[in-house]
Amino acid sequence: MLRIFRWYGALLCPQLPATCRIIASESDQGGFNGPIPREKLTISFARSSGPGGQNVNKLNTKAEIRLHVDSADWLPERVKERLHKLFSTRITKEGELVITSQKHRTQHQNLEDAIAKLHTHILDAAEVPSGPSDMTIARVKLLKRKAERQRLIEKKYHSTKKEDRTDIDV
């Protein structure tokens with residue numbers, strides 16, 4: 001029997017071995033929806049910072065995963081471009097997206113947390129932005145008309161001001 005539970009709005013299944021263990025997401029609106037192949041990730045562990053007593057000093061619980069975005073052949077090109085655009089501060093010069101987690105006291109939980117963060121980032125990049133609403137379009141049109149009217153009023157005022165400066169010889 002597979003146990004499935006919720007993590008960051010996604011459904012997780014910890015019994016699945018070599019996949020991301022993320023089955024589906026509630027916020028998935030097209031684009032990417034599938035497991036992240038772990039063999040494409042570079043996973044490393046380091047010592048966490050912060051409080052925790054001897055646990056922090058002895059164990060490498062902080063999880064760091066790196067994904068080379070350009071060589072991820074399982075991601076569509078559009079998603080790769082959006083990842084570069086949205087998370088440019090987290091991408092190294094070599095093109096690796098770096099995600100860390102040191103929220104929990106165990107390696108396993110931090111690794112799952114980091115992978116869940118990566119999946120959330122990919123879903124954010126895969127989301128197709130919606131166009132402006134009808135109300136926004138109507139407001140923009142109204143502002144354009146108002147600006148045009150104001151421009152014509154100022155033009156007329158400037159014209160009459162210049163006209164008043166001229167000398168009329170009769």
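Visitor: Is Asp-73 buried or exposed?
Guide: Asp-73 is exposed, with a relative accessible area of 59%. Here buried means under 20% relative accessible area, exposed over 50%, and partly exposed in between (1.4 Å probe, protein chains only). Please note that this is a predicted model, in which local features need pLDDT of at least 70, side-chain atom pairs count only at pLDDT 80 or more, and totals for chains, interfaces and linings use all residues. Residues are numbered from 1 along each chain as its sequence is written, and side-chain values use heavy atoms, with hydrogens and water left out.

Visitor: Which residue does Asp-73 form a salt bridge with?
Guide: The partner is Lys-40, and the closest N and O atoms are 3.8 Å apart. A salt bridge is a side-chain nitrogen of Lys or Arg within 4 Å of a carboxyl oxygen of Asp or Glu. Lys-40 is partly exposed, at 38% relative accessible area.

Visitor: What does that pair tie together?
Guide: Asp-73 sits in the loop between strand E5 (62–68) and helix H2 (77–86), and Lys-40 in the loop between strand E3 (22–25) and strand E4 (41–46), so the pair ties together parts that are 33 residues apart in sequence. Helices (H or I, at least four residues) and strands (E, at least two) are DSSP runs, numbered from the N terminus.

Visitor: How many salt bridges are there by this rule?
Guide: The count comes to six. Among them, Lys-80 forms one with Glu-77, at 3.3 Å between the closest N and O atoms. Both residues lie in helix H2, three residues apart, which is about one turn of the helix. Lys-80 is buried, at 7% relative accessible area, whereas Glu-77 is exposed, at 51%.

Visitor: And what about Glu-148 and Arg-151, how far apart are they, N to O?
Guide: Their side chains meet in a salt bridge of 2.7 Å. Glu-148 and Arg-151 are three residues apart in helix H4 (residues 134–165), so about one helical turn separates them. Glu-148 is partly exposed at 38%, and Arg-151 is partly exposed at 42%.

Visitor: Which residues are linked in a network of salt bridges?
Guide: Glu-64, Arg-66 and Glu-96 are linked in this way. Glu-96 also stands in E6, opposite His-68.

Visitor: How do E5 and E6 pair, then?
Guide: They pair in the antiparallel sense over six bridges. Two strands pair if DSSP finds at least two bridges between them. Five of the six residues of E6 are buried, so this strand is largely enclosed by the rest of the structure.

Visitor: Changing topic: how many residues has the largest nonpolar core?
Guide: It has 22 residues, and those with the most contacts inside it are Leu-83, Leu-97, Leu-118 and Ile-122. A nonpolar core is a set of buried Ala, Val, Leu, Ile, Met, Phe, Trp, Tyr and Cys residues joined through side-chain atoms within 4.5 Å. The elements giving two or more residues to this core are E5, H2, strand E6 (96–101) and helix H3 (107–126). H3 provides the largest share, seven residues.

Visitor: Which residues is Leu-97 in contact with?
Guide: Leaving aside neighbours within four places in sequence, its contacts include Ile-65, Leu-67, Leu-83, Phe-87 and Leu-118. Contact means heavy atoms within 4.5 Å.

Visitor: Finally, what does the secondary structure come to?
Guide: The protein has four helices and six strands, and along the sequence they follow the pattern β-β-β-β-α-β-α-β-α-α. Buried residues make up 29% of its 170 residues.
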